Amino acid sequence: MDRRAFIVGLGAVLAAPLPVEAQQPKVPIVGVLVVGAPSSEKFWRLFRDGMRELGYIEGQSVRFEFRSDQGQAGRLAELAAELVRLRVDVIVPWFTPAAIAAKQATREIPIVCAICGDLVGTGLVESLARPGGNVTGSSSLNAELSAKFVELIREMMPSAHRVAVLANAPDPFSKVFVKQIQLAGEATRTAIDPIMIHSAEELDAAFPSMERSRPDAVIVQPSLPTKRAAELALSYRIPAICGWREFVHDGGLMAYFATEADIYRRAAVFVDKILKGAKPAELPVEQPTKFELVINLKTAKAIGLTIPVAFLARADAVIE
């Protein structure tokens, strides 16, 4: 072979495409869609920890596309559509409004719910055992658990006979949430006053309006701005309960909630199964098995409430 033929041949070899086997594997993309509450940061941290524990290295074996509505619920549909356009492999919504937006945006991309309320009641899945569509995950607060708040209030304050419920109107779970509390009110002969909140301004206005028919306690739906609700309840000296841990640290009286860390890490397990080929329609929805009761004794003293010793003894934690 002369020198010219050798160089031409070598150039052809170097220019040839690499075999398919040598190409880099596709890095899966996980889209994350959250309601812009401060505690979403805790979810985001624990979920990524869960993915790392399963062997995923961010930027190498997984890529995340994180989207938050920044407190503007009207943006969720637009953000969900954006994740669909990016062709993510899985969408992980945090809270029911984000899950609804994701399902409306796609019926093909798998959706793993993290801390969403009553997946059956809101129409996200057909049943817990057989979700049947592209949605699965964890149901953090089912409808029946909402009634537990009334039970706790009556145990803590046996004389309580009127309870206000601050419900997040744009949240599809709010109807089921309120309905179960009303049923619990009927069973315990407790008057339930639902107050539907559409905006931050309405939340602020709700507490002065309670002065006309002052409730013995108020239940706050977790998807509302719970920090502000806790501050207002303390200011107006109204005992308040919420299904969210941070609520008591922000000045609320009491919180009863599913253990979040377990739920967030389980969301990572669901994602791992789906990335390995599992179908969401065949992955049963999980419900929490661990719950915690936390009481802010400092708040109780500030609003002039004496909590029975026996009830305090039931608490998993007491803030003093």
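Residues 24 or more positions apart account for 66% of the contacts (heavy atoms within 4.5 Å) in the chain with a separation of 6 or more. This is a predicted model, in which local features need pLDDT of at least 70 and side-chain atom pairs count only at pLDDT 80 or more, while totals for chains, interfaces and linings use all residues. Residues are numbered from 1 along each chain as its sequence is written, and side-chain values use heavy atoms, with hydrogens and water left out.

**Overall architecture**

- The secondary structure of the chain comes to 13 helices and 12 strands; helices (H or I, at least four residues) and strands (E, at least two) are DSSP runs, numbered from the N terminus.
- Taken along the principal axes, the C-alpha atoms of the chain fill a box of roughly 105 × 35 × 35 Å.
- Of the 320 residues of the chain, 50% count as buried, a term that means under 20% relative accessible area with a 1.4 Å probe and protein chains only.

**Nonpolar cores**

- A nonpolar core is a set of buried Ala, Val, Leu, Ile, Met, Phe, Trp, Tyr and Cys residues joined through side-chain atoms within 4.5 Å.
- The largest nonpolar core has 69 residues, and those with the most contacts inside it are Phe43, Phe47, Val92 and Leu166.
- Helix α11 supplies the largest share of this core, with seven residues.
- A second, separate core of 34 residues includes Phe173, Tyr256, Leu297 and Ala315.
- Leaving aside residues up to four places away in sequence, Phe43 touches Val32, Val34, Val92, Trp94, Ala114 and Tyr264.

- The 16 residues of helix α11 (residues 260-275) should span 22 Å at 1.5 Å a residue, and its end C-alpha atoms are 23 Å apart, which agrees; the expected span of a helix is 1.5 Å times one less than its number of residues.
- The buried residues of α11 include Glu260, Tyr264, Phe270 and Ile274.
- Val271 lies in helix α11 and is buried, with a relative accessible area of 0%.
- Not counting residues up to four places away in sequence, Val271 touches Val30, Phe47, Met51, Val90, Val92 and Val112.
- Val271 and Asp49 are 222 residues apart in sequence, and their C-alpha atoms are 13 Å apart in space.
- Asp272 is also found in helix α11; Asp272 is buried, with a relative accessible area of 10%.
- With residues up to four places away in sequence not counted, Asp272 touches Leu54 and Tyr56.
- After α11 comes Gly277, whose phi is positive, near 115°.

**Helix α7**

- Helix α7 (residues 174-188) has 15 residues and reaches 21 Å from its first C-alpha to its last, close to the 21 Å expected at 1.5 Å a residue.
- Among the buried residues of α7 are Val176, Phe177, Gln180 and Ile181.

**Pockets**

- On a 1 Å grid over the protein atoms alone, a pocket is an open set of points with protein on both sides within 12 Å along at least five of seven lines, and lining residues have an atom within 4 Å of a point.
- The largest pocket holds about 530 Å³ of space; a volume is the space filled by probe spheres set on the points, which are joined across faces, edges and corners.
- Of the 29 residues that line the largest pocket, the closest to its centre are Val35, Gly71, Ser223, Leu224 and Pro225.
- Helix α9 (residues 226-235) gives the largest share of the lining of the largest pocket, three residues.
- The lining of the largest pocket divides into 14 nonpolar, nine polar and six charged residues; Ala, Val, Leu, Ile, Met, Phe, Trp, Tyr, Cys and Pro count as nonpolar, Asp, Glu, Lys and Arg as charged, and the others, Gly among them, as polar.
- The second largest pocket has about 170 Å³ of space, and its lining includes Ser138, Asp262, Ile263, Arg266 and Lys290.
- α11 contributes the largest share of the lining of the second largest pocket, three residues.

**Cavities**

- The structure holds two cavities of 30 Å³ or more; a cavity is a set of grid points where a 1.4 Å probe fits but cannot get out.
- About 30 Å³ of space lies in the second largest cavity, which is lined by Arg48, Met51, Arg52, Tyr56, Glu58, Val62 and Phe64.
- Helix α2 (residues 40-53) gives the most to the lining of the second largest cavity, with three residues.
- By class, the lining of the second largest cavity has four nonpolar, no polar and three charged residues.
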